[in-house]
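Reader: I am new to this structure. Please show me how to read it, one feature at a time.

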Amino acid sequence: MAHPLPGSRPADERGSALFAVALVVAIIVVAGGAIYLFLARRAAAPPPAASAQEARAYVKHLALSEVNMKATESYLQSQLVEITGKITNKGERMVALIEINCIFYDPYGQVILREKVPIVRPRGGPLKPGETRAFRLPFDNLAQSWNQSLPQMVIAQIQFAQ
């Protein structure tokens with residue numbers, strides 16, 4: 001009868017060790033998948049986007065006021081333009097998100113920048129009926145050809161709170 005070499009294992013022990021490793025890997029993969037599905041299911045779904053028709057109808061209930069603009073030089077010798085103001089919800093629905101398009105023009109009336117920016121965000125809580133909230137919009141990427149006038153501000157998107 002042959003004796004096994006020192007440090008070698010019989011075939012049965014190697015098979016058992018491989019089976020144990022494969023079993024541990026399978027358990028880790030299944031547990032990881034279960035945790036992922038659990039966390040994905042618990043993640044809060046974003047508020048549903050309002051239909052275009054519903055949003056257009058509600059725009060008349062949102063009022064911008066006290067809109068001002070100021071420009072300052074930053075420490076990097078660039079110009080920072082800040083637009084501040086307030087938005088009021090005069091309707092009967094809670095609004096989770098309001099984004100506006102700020103459209104900047106040159107002296108000839110040509111668009112030089114169109115940027116969509118949020119003025120009401122979900123993380124700040126919904127804008128309730130009758131509530132007024134301040135906003136601040138910084139712009140540091142305006143071209144030198146900007147006409148120095150307040151941009152056109154158009155409500156671009158509304159999402160209602162659930």
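Reader: What is the strand order in the open sheet of 3 strands?

Author: Keep in mind that this is a predicted model. The order is β1-β2-β5, and the pairing is antiparallel.

Reader: How many bridges join β2 to β5?

Author: There are 8, and the two strands run antiparallel; β2 covers residues 79-89.

Reader: Now the core. Which residues touch the most other members of the largest nonpolar core?

Author: First the general idea. In soluble globular proteins, nonpolar side chains tend to be buried together. In this structure, the largest nonpolar core has 24 residues, and those with the most contacts to other members are Ile 98, Ile 100, Cys 102, Phe 104, Leu 137 and Phe 139. Two or more residues come from each of α2 (52-58), β2, β3 (95-105), β4 (111-120), β5 and β6 (152-160). β3 gives the most, with 5 residues.

Reader: Which residues make the nonpolar surface patch?

Author: Phe 19, Leu 23 and Ile 27 make it, and it spans about 320 Å². Leu 23 belongs to helix α1, residues 11-42.

Reader: Why does Leu 23 count as partly exposed?

Author: Check the cut-offs: buried is under 20% relative accessible area, and exposed is over 50%. Leu 23 has 43% relative accessibility, so it counts as partly exposed.

Conventions. Residues are numbered from 1 along each chain as its sequence is written. This is a predicted model: local features need pLDDT of at least 70, side-chain atom pairs count only at pLDDT 80 or more; totals for chains, interfaces and linings use all residues. Side-chain values use heavy atoms; hydrogens and water are left out. Two strands pair if DSSP finds at least two bridges between them. Helices (H or I, at least four residues) and strands (E, at least two) are DSSP runs, numbered from the N terminus. Patches are made of residues with over 30% relative accessible area and no salt bridge: like charges are joined within 9 Å, nonpolar side chains (Val, Leu, Ile, Met, Phe, Trp, Tyr) within 5 Å. Accessible areas come from the Shrake-Rupley method with a 1.4 Å probe; for residues, only the protein chains shown count as cover. A salt bridge is a side-chain nitrogen of Lys or Arg within 4 Å of a carboxyl oxygen of Asp or Glu. Buried means under 20% relative accessible area, exposed over 50%, partly exposed in between (1.4 Å probe, protein chains only). A nonpolar core is a set of buried Ala, Val, Leu, Ile, Met, Phe, Trp, Tyr and Cys residues joined through side-chain atoms within 4.5 Å.
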